[in-house]
Amino acid sequence: MKMKKKIIEVGYGSVNKVKIGSNMPLAFIGGPCAIESREHAFKMADLIGNVCNKLNIPWIYKSCYDKDCRSSPESFHGMGMEDGLRILSDIRDEFSLPVVSDFSDSSWSKATGEVCDMVQIPAYLCRQTSILRAAAETNRPIHLKKGQFMSPWNMKNSIRKLEDFGSEQVLLADRGTFMGYNQLVNDMTCFPIMSQTGYPVCFDATHSIQLPTSMGNISGGQREFIPYLVRAASACGINALFMEVHDNPVAALSDANTVLDIQYLENILSQAKIVHEMRLELIEQFGEDNVHPNE
Amino acid sequence: MSTQMNKNILVSEVMLSVEFCPVVSENVILKEALEQMGKLKLGISCIVDIEGKLLGILTDGDIRRKLLKSQKPLSALFVDDALIHSIREPIIVHPSDSLFDSVTLMDKNQVWDLPVVDIHNKLLGVLHSHRAVAVLLGIKNE
């Protein structure tokens, strides 16, 4: 028995609506990891928008106002909720662009949901009932990242919580799974497994190549693997691609070792789009994947 | 010891009503369905929709066969919807059916339990073989 596949729509008010789901164009979610300044946030929205418009890829701007999971108390924590959400709200208005931001504390959810078109639940918090409830209560679509410690099938428990709290607009993302200490691995079977929930799935490429806290008090990363993993995930079957992008990664205030340099964005997105469209054509030609008789 | 078989007894007189049967909703996972079966000490779980209509059944035998066939980790199998592993068009009986005929049906199909439904397929209970045979043989009153 196949689960009915759901399509979620991101964007309220007058911004562009982005539909994510089965047989839809690949959606892109991207931006700088942290909101560094108003000028930088606007610059990144403009630069990424130019690429996405050129490639005709629907996209959602992502950036965070509070990075609560940094390895060190000395690391840049973010500009704060009030200022950050004001910038995101202005980006929405200026670019007619849906925006997404995460929250790490339930008390931040209401304000985040009032501004953002989609709210994001950090991977470390993906099974916290209070966070899931707070996300559902925003009535916005939810970008739920699979914890690095979670099996893809156990994400169903978080989905059930969200559904109990009234949410049925969820995007499930993979950002890698812990393999021992300080290292992540991507198991591509997580996409068909999480898809069995019926909800669309997303590949977070730039966090997947992270080496968590591998550099003592900060995380490292092997961004050279981004293109390989993006092609693999797109071919496997995803509905959205997530990447953090920066115009000067060396100077990035957050995740400097993993963010993608904007100069490579067009290359990566072009490939992802082509592979995604090829996959849809293959389904059209050969039918849905199934190697089990009578199923 | 001789026993007198009463062929006039109806299923409705012997069946276990739903509160004594493992009955689960369609969004319940396999692990929860198994827990219900253990709690109520029956080898069948009936899966119903929001109106109480029977969607499928899951039995001890189904689980045994599934465990031998499935290559999934057990933790993944546990969170599957119970419904996807269920028998979707099970053999059913109605409350007005004869108990004798129903036990004969159990024997013919080699099953221990039969869901009892009304004409709209709403689950009313389960006919359990131990109790059915005991009543039929006069060992236990209906």
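**Three strands of chain B form an open sheet in the order 2-3-4, with mixed pairing.** The edges of this sheet are strand 2 (23-25) and strand 4 (54-59) of chain B, each of which has a single partner strand, so one side of each is left without a neighbour in the sheet. From one strand to the next, the twist averages 30°. Here helices (H or I, at least four residues) and strands (E, at least two) are DSSP runs numbered from the N terminus, strands are paired if DSSP finds at least two bridges between them, and angles, from 0 to 180 degrees, are taken between N-to-C directions of axes fitted to C-alpha atoms, for helices over the stretch in contact. Strand 2 of chain B runs parallel to strand 3 (residues 44-48) of chain B, to which it is joined by 3 bridges, and B:S25 stands opposite B:V48 of strand 3 of chain B. The model is predicted, so that local features need pLDDT of at least 70 and side-chain atom pairs count only at pLDDT 80 or more, whereas totals for chains, interfaces and linings use all residues. Residues are numbered from 1 along each chain as its sequence is written, while chains are lettered from A and ligands numbered from 1 in the order in which they are written.

**An antiparallel open sheet of 3 strands in chain B has the order 1-6-5.** Strand 1 (16-17) and strand 5 (113-117) of chain B are its edge strands, each with a single partner strand, so one side of each lacks a neighbour in the sheet. Strand 5 of chain B is joined by 5 bridges to strand 6 (residues 123-128) of chain B, and these two run antiparallel. Within this pair, B:P115 stands opposite B:V126 of strand 6 of chain B. Helix 6 (residues 129-136) of chain B packs on the sheet and touches both strand 5 and strand 6 of chain B, its direction making about 70° with that of strand 6 of chain B; residues count as being in contact when their C-beta atoms, placed from the backbone, lie within 7 Å.

**Helix 1 (residues 38-55) and helix 9 (residues 265-286) of chain A pack at an angle of about 35°, with their axes 10 Å apart.** The crossing of helix 1 and helix 9 of chain A is right-handed, a term for a near helix turned clockwise from the far one by less than a right angle, left-handed being the anticlockwise case. From helix 1 of chain A, the residues A:I48, A:V51 and A:L55 meet A:L265, A:E266, A:L269, A:S270 and A:K273 of helix 9 of chain A. By class, this contact comprises 5 nonpolar, 1 polar and 2 charged residues, where Ala, Val, Leu, Ile, Met, Phe, Trp, Tyr, Cys and Pro count as nonpolar, Asp, Glu, Lys and Arg as charged, and the others, Gly among them, as polar.

**Strand 8 (residues 170-174) of chain A is largely enclosed by the rest of the structure, because 5 of its 5 residues are buried.** A residue is buried if 20 or more other C-beta atoms, placed from the backbone, lie within 10 Å of its own, exposed if 12 or fewer do, and partly exposed in between. From strand 8 of chain A, the buried residues A:V170, A:L172 and A:D174 point one way, and A:L171 and A:A173, which are also buried, point the other way. Strand 7 of chain A runs parallel to strand 8 of chain A and is joined to it by 4 bridges, with A:H143 opposite A:L171 of strand 8.

**A:N139 and A:T213 lie in loops of chain A.** Most residues other than glycine have a negative phi. A:N139, however, has a positive phi near 65°, in the loop between helix 4 (129-137) and strand 7 (142-145) of chain A. With 13 C-beta neighbours inside 10 Å, A:N139 is partly exposed. For A:T213, phi is likewise positive, near 50°, and its loop runs between strand 12 (210-211) and strand 13 (220-221) of chain A; A:T213 is also partly exposed, with 15 other C-beta atoms within 10 Å.

**Where the chains meet, 5 residues of chain B are in contact with 5 residues of chain A.** The side of chain B that touches chain A consists, by class, of 4 nonpolar residues, 1 polar residue and no charged residues. Chain A has 9 helices and 15 strands, and buried residues make up 47% of its 295 residues. Chain B has 6 helices and 6 strands, and buried residues make up 31% of its 142 residues.

Technical notes: Contact = placed C-beta atoms within 7 Å.
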